[in-house]
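My entries follow in the order in which I looked.

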Amino acid sequence: MTLDLTHATTPHAHTQAFIRDLPQMDRPRERLQAAGAGALSNPELLAILLRTGSQRESALAQAQSLIARFGGMSGLVRASFAELCAHHGIGEAKAAQIKAALELGIRMSSAAPEQRMRVQSPSDVAELMLAEMSLFDQEHVRVALLDLRLGLIGVVEVYIGSVEMVPIRCGELLRDAVRSNAPQIVVLHNHPSGDPMPSRADVDLTKRLVEAGRHLDIDVLDHLVIGGGQMMSMKHLRLGFPVDGSGASLPLPPR
């Protein structure tokens, strides 16, 4: 608060343990085989790419330190080949593997419109991330980029922290839509408390975002709040979106 679809979750296993010493069910490769790639965190997926760590840290710890150093997966995308090689334990071979894998993801995200996943409504976007975002212990703000036919161009993680404490600039939420020429977006964020009811800060952000999007010809289809395995549509609740004459916005309890 580009199919990035960044799973910025806490690694399933302790990053300082060597993978060979972990229980088999906790090893990234075995977890991928058993539960699918979607069940793995970013560090676990990156650890599989790296294959081996260094003498002082496991591949999982190395992956975690890479992500931390470059500020997430989007930072890894922006990092140069030389910058990756300068990281401890990452030589030219590993840097090439990382850059190649990230480039494949970028090319997939920019696939032709007929190849894109299609959604029927904004709530379909939430269903893709509901389980994962319900488990976060911090607020994550994501933006789903859509074409005019509701083809999913990509999902970008814009912010991790507290939406209540740090104002989010609308420019940050719209930046990737402008870059990707996405005419429609759906904004999603979670409430770690488990209560999906939008807060006053959520409403204020939505009002500003809808207005900013209007000036850029970007339609904000909805702002979805996730908590406790549930999802609230701010558009459905008429919170932060222009009232169409069907009634006043629902009362918002203090938080």
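This is a predicted model: local features need pLDDT of at least 70, side-chain atom pairs count only at pLDDT 80 or more; totals for chains, interfaces and linings use all residues.

Residues are numbered from 1 along each chain as its sequence is written, and side-chain values use heavy atoms, with hydrogens and water left out.

**Core.** I looked up the largest nonpolar core and found 26 residues in it, of which Val 143, Leu 145, Leu 173, Ile 185 and Leu 209 touch the most other members. At least two residues of this core come from each of strand 1, strand 2, helix 8, strand 3, helix 9 (200-215) and strand 4, where helices (H or I, at least four residues) and strands (E, at least two) are DSSP runs numbered from the N terminus. In soluble globular proteins, nonpolar side chains tend to be buried together. I then listed the contacts of Ile 185 (heavy atoms within 4.5 Å), leaving aside its neighbours within four places in sequence, and they include Val 143, Leu 145, Leu 173, Ala 177 and Val 220.

In what order do the strands of the open sheet lie? The order of the 5 strands is 2-1-3-4-5, with mixed pairing, and two strands count as paired if DSSP finds at least two bridges between them. Strand 2 (152-161) and strand 5 (230-233) are the edge strands, each pairing on one side only.

I went through the pairs in turn. Strand 1 and strand 2 run antiparallel and are joined by 8 bridges, with Ile 160 in strand 2 as the bridge partner of His 140. Strand 1 (residues 139-146) also runs antiparallel to strand 3 (residues 184-190), through 6 bridges, and there Ala 144 has Val 186 as its partner. Strand 3 and strand 4, by contrast, are parallel and share 7 bridges, with Asn 190 opposite Ile 226. Strand 4 and strand 5 are antiparallel with 4 bridges, and Gly 227 stands opposite Gln 230.

**Burial.** I checked how covered two of the strands are: 9 of the 10 residues of strand 2 are buried, and strand 4 is largely enclosed by the rest of the structure because 8 of its 9 residues are buried.

**Turns and backbone.** The hairpin of strand 4 and strand 5 has 2 residues between the strands, and Gly 228 in the turn has a positive phi of about 60 degrees. In the hairpin of strand 1 and strand 2, with 5 residues between the strands, I noted Leu 150 with a positive phi near 65 degrees, although Leu 150 is not a glycine. Arg 238, in the segment after strand 5, is another residue other than glycine with a positive phi, near 60 degrees. Is Arg 238 buried, exposed or partly exposed? Arg 238 counts as partly exposed because its relative accessibility is 24%.

Technical notes. A nonpolar core is a set of buried Ala, Val, Leu, Ile, Met, Phe, Trp, Tyr and Cys residues joined through side-chain atoms within 4.5 Å. Buried means under 20% relative accessible area, exposed over 50%, partly exposed in between (1.4 Å probe, protein chains only).
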